[in-house]
Number of protein chains: 4
Amino acid sequence: MKIGMIGLGRMGASMTTRLMRGGHDCVVHDQHPQVVERLAALGAIGTASLQQLVTTLPQPRTLWLMVPAAGVDALLAELVPLLDAGDIVIDGGNSYYPDDIRRAAALQALGIHHVDVGTSGGVAGLERGFCLMIGGDDDAVQRLSPVFKTLAPGAGNATPTPGRKPGSGSADQGWLHCGPHGAGHFVKMVHNGIEYGVMAAYAEGLNILRHANMGKHAAEVDAETTPLRAPALYQYEMDLPEIAEVWRRGSVIGSWLLDLTAAALAADPGLDGFEGRVSDSGEGRWTIQAAIDEAVPAPVLSAALYARFGSRGQADFADRVQSAMRHEFGGHVEKPAHKAPR
Amino acid sequence: MKIGMIGLGRMGASMTTRLMRGGHDCVVHDQHPQVVERLAALGAIGTASLQQLVTTLPQPRTLWLMVPAAGVDALLAELVPLLDAGDIVIDGGNSYYPDDIRRAAALQALGIHHVDVGTSGGVAGLERGFCLMIGGDDDAVQRLSPVFKTLAPGAGNATPTPGRKPGSGSADQGWLHCGPHGAGHFVKMVHNGIEYGVMAAYAEGLNILRHANMGKHAAEVDAETTPLRAPALYQYEMDLPEIAEVWRRGSVIGSWLLDLTAAALAADPGLDGFEGRVSDSGEGRWTIQAAIDEAVPAPVLSAALYARFGSRGQADFADRVQSAMRHEFGGHVEKPAHKAPR
Amino acid sequence: MKIGMIGLGRMGASMTTRLMRGGHDCVVHDQHPQVVERLAALGAIGTASLQQLVTTLPQPRTLWLMVPAAGVDALLAELVPLLDAGDIVIDGGNSYYPDDIRRAAALQALGIHHVDVGTSGGVAGLERGFCLMIGGDDDAVQRLSPVFKTLAPGAGNATPTPGRKPGSGSADQGWLHCGPHGAGHFVKMVHNGIEYGVMAAYAEGLNILRHANMGKHAAEVDAETTPLRAPALYQYEMDLPEIAEVWRRGSVIGSWLLDLTAAALAADPGLDGFEGRVSDSGEGRWTIQAAIDEAVPAPVLSAALYARFGSRGQADFADRVQSAMRHEFGGHVEKPAHKAPR
Amino acid sequence: MKIGMIGLGRMGASMTTRLMRGGHDCVVHDQHPQVVERLAALGAIGTASLQQLVTTLPQPRTLWLMVPAAGVDALLAELVPLLDAGDIVIDGGNSYYPDDIRRAAALQALGIHHVDVGTSGGVAGLERGFCLMIGGDDDAVQRLSPVFKTLAPGAGNATPTPGRKPGSGSADQGWLHCGPHGAGHFVKMVHNGIEYGVMAAYAEGLNILRHANMGKHAAEVDAETTPLRAPALYQYEMDLPEIAEVWRRGSVIGSWLLDLTAAALAADPGLDGFEGRVSDSGEGRWTIQAAIDEAVPAPVLSAALYARFGSRGQADFADRVQSAMRHEFGGHVEKPAHKAPR
């Protein structure tokens, strides 16, 4: 197919490249001319404006937006007046699904299809393929199936799921029409919420292993600090890169995120290249909001999100409140921080 | 009664003073001679050694230990050989209750009584009285009741509990024989676990109020950070000292800890005198251990404890693990910390 | 003052009564005529319709709404057309503060003042007074000060906060103008979020105490269940009513919620009259939403909220997912539930 | 090698079978004669007593124990008197690592080696191989390396970790000597702690997806329940089996546990075959204990553990405490449980 791609950042560029490798013609645009040139050098048709992009595409057009969630409304305000009934606009970024519902309704009034595609896979997706979670009307999704097939990983080397009838749908090829407008981003949102939880689980476990030598540190005896009762139980110097490595083979917790962790630890065993300020990009927050709206407990996913907030110093005032209370009732004075060994 | 008091720190000194005000004779000892002198100036009989303290007390002796939990075994090793059958040793500090069980059995073999007393009230206890949670055998507890009556607050200005028969026990006087050896410290342990949870609840709430102005800060638009969707909803400059103050009158969350918080905020509205490294002193940890042994969920008490660990930088490596994973799968680079406004 | 009161449920009726005791004239209305009659018997002017209520009040009118948050918009749709410029509408219920902002703007266009008042104190407020957290413009709040003074507890028997200049504001009388529109309900929202956390802290602690006898239960030895390692440490039969009672005197965790807990336990030591399905009414959820919008960690408040969701069976499917996984990887079969002793 | 295997449950039988397939001679024993016969039919040398097992093995002997953690001490009490200096006892079950340290010291006094092996892989390990985390002295581990090589998966189809030098250790073959006595079970303990967290992350996410249709349910308007503000946002009927399936291809959260989840959902989309009482078997608890001893936050792993406790009704009394409080301050009466749709 001939497809317009707007937004050529890390993800957009990778997806364009994979589409071209799969035989699709890509007409591309980005605010930054140099990334357009880079893709053009790989075979894409670069354009200097949205206007030019739109006129270059045959009708009905297929336009894939791959821009930050916060930039979608501004982009649509500029783009939509250039489009015609029958065109399809795909939002492949990380939009909040209520925005999909709102935008789809607005576009539908103009006869334009809106398709939301939650896209997972990161920078590795160029080679591995991207996992696609799709929301929208059947016709549009059907029209786009060649694109989805190319972007998705296919069955790959994942073993068939026992008990599942092969060919009963596209999920085992790595793309799925999840439901009406917003369903794709809803599923992707929850996917990322889970991702936060899984990442935090590994992180907490590795932190516990890292401190398994704490019995070697001297303990003080005062009323403020309870000394470790059994220092003899914490005398281990754990080799975290090798532990992550061994878990990749046959253990219950093998996963792609563990593969990545092993790689990161192999390259930098103490992870000294990181400060530990963990970003979060919206989906994790919206997942909690959905859980609360649904009155469904999500303690693990919430704890993972809060750990990210905390890693950026956002608990600071709450901590000071507690130190202030302790000073009030017990005359306790704060002690200098016990620096974590690095 | 004539009572020996060993350990004249913040708590020990206050309790000795309250006992003397209540008409008891106190024979005191501490590693630091100057604190012995200070109490002697208030009427106590100061002693220069454990030996002197023991010989100064009439048999059967009553000895109240008020030392850090980590120092009790060493103290008993020195003290017990000086004692006789019929003596009572009271551990009024924050010992771990399994230690009580162990020590009580060892002392019992010598005919010496062990009584564990969890003591709450902090430095304010001198005037308010101390809440006493007591474990041990009936005879010893009975013998000590004059001491408990003096140390405890009495009914004070707490209203009688509707539905409770007055005079049905000493709990409404602020002291309670909770059960056999260890029961006092067990109840005190859980008391402190609850205390951590309550403190954290206020702290989190005040932190949310403090950031109610965050819509005034500029938001960036990139794929790493989701901008606040509705900045207009976060335009409040909350007066935390006055909010804590108003909650003290008639609200559901009125409490002594809130009183203290209001006092701390009145003195230092931004709590700039604190760094936010919150100590923890054992009971909070043991409470979680008990919950886990009992297979009882304690998510709130655990979260409160972990917030203290996190305030001291102990999540650092876990945070770096997550930043490393994000770099692996998304090429994400850490952003400079968003500094919390102080 | 002459004040119209709409909504005479538990809270509305108590507040009306307290206002009348304080010398105010109350014109009242409710969907249910019998509650109107009940208040009329106490001296209120009962009305049969909003129309009648409005015409009975002198201009500029003062109308206090005390209805469920979900019913406010419908009520305003009916009420506002009957009002005139200069009137004040007070929302004293548990509205979500963004609704206040929206409604205040709509009313402002008509010259009508909107004041949001978060009201805490429960059914006890009739005698204790109500803690009032207020948002709105200065003029309206000023006009209403006689009403606030009557409803609020006044200084009561709460000791003055050390370091706070008496007379520096109304907070020490139990009412506070917290800021512009929505500020009152924002502060009340966070108040309730804290309340959830504090309640859960006590509840978890008491649950741990209740299971302190679990060492008496026989333990099985199989690969599914780890037996308690040290049954001797869990042999306590704790007297929860008396423990709650003793904590009310001099302990660090004394609070009004603890007073209530002691009363509930005195009346029903096993709390057998309750099933343990804990409701939540909005503010706790919105507090978490605010925390997440502000990127502020709220692990304790969230855990408390989720415990309520879980108490109503809302984790059911998540639990089944985990049992299904265990069956897949380990062939584990679920065991019959270990019934908590009641 | 010739190896004695004691304990032929699910895991022990699979491991014995895999060892025999790998050319090792297995002498086996179990309390249940029929499982001994079953393994004998596959080529093992069955024995009727520990005595017979020991005498059948050549010196120095290699004995692999695969029994529940709670049964190890009793087994050793019977077994050790039959052994000789130079023998190796391997504990391949889920023992608590402090027990390893204690037992290893006791055996060392007799010249007997103790090796602790955390074994992961579940029933699938027979074909996939078992991930082995090993603690003990170098000599013994070295002697056992042929056994470990057979049991472990080998490199399998896991891609090499970028940046790791191949051949730099056995971790990429699926077995690792983690450190001195207890190190193997320590690493396995943390592995299982992580496992609990990862499982709960998926479970919570799938639960949120399952309730994405809740906007279709009617909402009530009362003061006890906040109705869903935007029912239109929760109208999705999510196909959980297909969503789990699509996530297996190219997504960030692909994992073996997800593979198992997809299989379970394919077989039983509503998981109606499960009640949702999730067992826990020790390691998850001990992981939290280690975190607390180390003062390392583990909010995700704890939340996962508590969810299991809660699934078995262990929060019941805490829930009733909260309902009792609500009744006290607000006169709130519990509402019938909102049944989760099944």
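A polar contact is a pair of N or O atoms within 3.5 Å; within protein, one must be able to donate a hydrogen and the other to accept it, and residues adjacent in sequence count only if both atoms are side-chain atoms. Keep in mind that this is a predicted model.

Start by selecting chains D and A. Between them you'll find 32 residue pairs in polar contact, with both residues at pLDDT 80 or more. Several elements of chain D supply at least two residues each to the side touching chain A, including β7 (131-135), β8 (175-179) and α9 (183-210). Colour α9(D), because it gives the largest share, 17 residues. By class, that side of chain D has 55 nonpolar, 23 polar and 11 charged residues.

Now zoom in on Glu242(D) and Arg164(A). They form a salt bridge, with the closest N and O atoms 2.7 Å apart.

Most residues other than glycine have a negative phi, and most peptide bonds are trans. Select Leu271(A), in the loop between α11 (256-267) and α12 (283-294) of chain A. Its phi is positive, about 50°, although it isn't a glycine. Is Leu271(A) buried or exposed? Leu271(A) is buried, at 2% relative accessible area.

Last, hop to chain D and pick Gln59(D) and Pro60(D). A cis peptide bond joins them, with omega about -10°. Pro60(D) sits in the loop between α3 (50-56) and β4 (62-65) of chain D.

Note on methods: Residues are numbered from 1 along each chain as its sequence is written. Chains are lettered from A and ligands numbered from 1 in the order in which they are written. This is a predicted model: local features need pLDDT of at least 70, side-chain atom pairs count only at pLDDT 80 or more; totals for chains, interfaces and linings use all residues. Side-chain values use heavy atoms; hydrogens and water are left out. A salt bridge is a side-chain nitrogen of Lys or Arg within 4 Å of a carboxyl oxygen of Asp or Glu. Helices (H or I, at least four residues) and strands (E, at least two) are DSSP runs, numbered from the N terminus. Ala, Val, Leu, Ile, Met, Phe, Trp, Tyr, Cys and Pro count as nonpolar, Asp, Glu, Lys and Arg as charged, and the others, Gly among them, as polar. Buried means under 20% relative accessible area, exposed over 50%, partly exposed in between (1.4 Å probe, protein chains only).
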